[in-house]
Amino acid sequence: MHTVTLGPEGTYSHRAARTVSDSVAFRPSVTAIVEAVADGSFDRGVVPIENSIEGSVTETLDALAARDVSIVREVVTPITHALLAQAEDFETVTSHSQALAQCRSFLADQYPDVARESVASTAAAVELAREDPSVAAIAHPSTAEQALRVLATEIQDRPSNETRFFVLGPESARSPAGGKTTIVIYPASNHPGLLYELLGPFEERGVNLTRIESRPSGKQLGDYRFHLDLEGGLYEPRIEAAVEAVEAVLDDGWVRWLGSYDVEHAVE
Ligand SMILES: O=C(O)C(=O)C[C@]1(C(=O)O)C=C[C@@H](O)C=C1
């Protein structure tokens, strides 16, 4: 199974991807990963979708809505951030924007005057810190190796920090079996009670929604897509019936089923 994820080696995405396959290649962005699975270059892609402190990875939501891939599994991993640098004095702290946000209070308390700079991944930040003594990185402590010192560990703003990753496959890998389902709804209209009409079919069939996220469609201000995660697989008649009932409510809009899948908790 050839798998692609966010690089370079040592990202949290790489750690999650190792639960899927030993053969892991890297791309510099979530969008590039989704494209590489959609065009058949890789069997699987692993992308971050949501963090327990900072919330959605919006690039992933948008890339999934725009390209033809399927979700085949969810992997949840603990995220433990460390501050890594060549020495105790540095001028800039750099990391992925999600990691910087997850350590916001730590940075405000301990390094209020140090500049923050976001880069493509935590492991890309480690590469910069290795080359430049004025730069510190936030990343997993195992990425320090010889060149860098671990100045602080467990620096995320809450002790419990977890990220959900989606394992993606081609459209042909989509399966109705699984304990969860993700769909995207684009209503293409806006009127009183619209959201109530879209969510009612789930309530009527006792389907538990675990998440709803709105994303701008990009067409005009106030025009949204809704990303829904729910408990149950599309193989269950009540889930299929609820999705069909949502489709029936829409005139010009659409519903896309991204996949049904099981969840795995990876312990580092
Ligand atoms: O930069 C990395 O190491 C990543 O794998 C990306 C990412 C993310 O986008 O959320 C993954 C997990 C953590 O939440 C922080 C960063």
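This is a predicted model: local features need pLDDT of at least 70, side-chain atom pairs count only at pLDDT 80 or more; totals for chains, interfaces and linings use all residues.
Residues are numbered from 1 along each chain as its sequence is written.

The domain assignment, whose bounds come from an automatic or database source, gives domain 1 (3–79 + 161–173), domain 2 (82–153) and domain 3 (180–259). The centres of domain 1 and domain 2, taken over C-alpha atoms, are separated by 23 Å. The contact between these two domains takes 16 residues from domain 1 and 12 residues from domain 2, with residues in contact if their C-beta atoms, placed from the backbone, lie within 7 Å. On the side of domain 1 that touches domain 2 there are 7 nonpolar, 6 polar and 3 charged residues; here Ala, Val, Leu, Ile, Met, Phe, Trp, Tyr, Cys and Pro count as nonpolar, Asp, Glu, Lys and Arg as charged, and the others, Gly among them, as polar.

The ligand is surrounded by 15 residues, of which the closest are Thr11, Ser13, Gln98, Ser121 and Thr122; a residue is near a molecule if its C-beta atom, placed from the backbone, lies within 6 Å of it. Because domain 1 and domain 2 both give residues to this shell, the ligand lies between them. At least two residues each are supplied by α1 (12–17), β3 (44–51), α4 (97–102) and α6 (122–131), where helices (H or I, at least four residues) and strands (E, at least two) are DSSP runs numbered from the N terminus. By class, the shell holds 7 nonpolar, 8 polar and no charged residues.

The axes of helix α2 (residues 30–38) and helix α3 (residues 58–66) come within 9 Å and cross at roughly 25°, with axes fitted to C-alpha atoms over the stretch in contact and angles running from 0 to 180 degrees between N-to-C directions. α2 and α3 are therefore roughly parallel to each other, a term for angles under 35 degrees, while those over 145 count as roughly antiparallel, 65 to 115 as roughly perpendicular and the rest as oblique. Val30, Thr31 and Val34 of α2 make the contact with Glu59, Thr60, Ala63 and Leu64 of α3.

For helix α7 (residues 194–204) and helix α8 (residues 237–249), the axes come within 8 Å and cross at roughly 160°, which makes α7 roughly antiparallel to α8. Glu197, Leu198, Pro201 and Phe202 in α7 meet Ala242, Ala245, Val246 and Val249 in α8, and this contact has 7 nonpolar, no polar and 1 charged residues.
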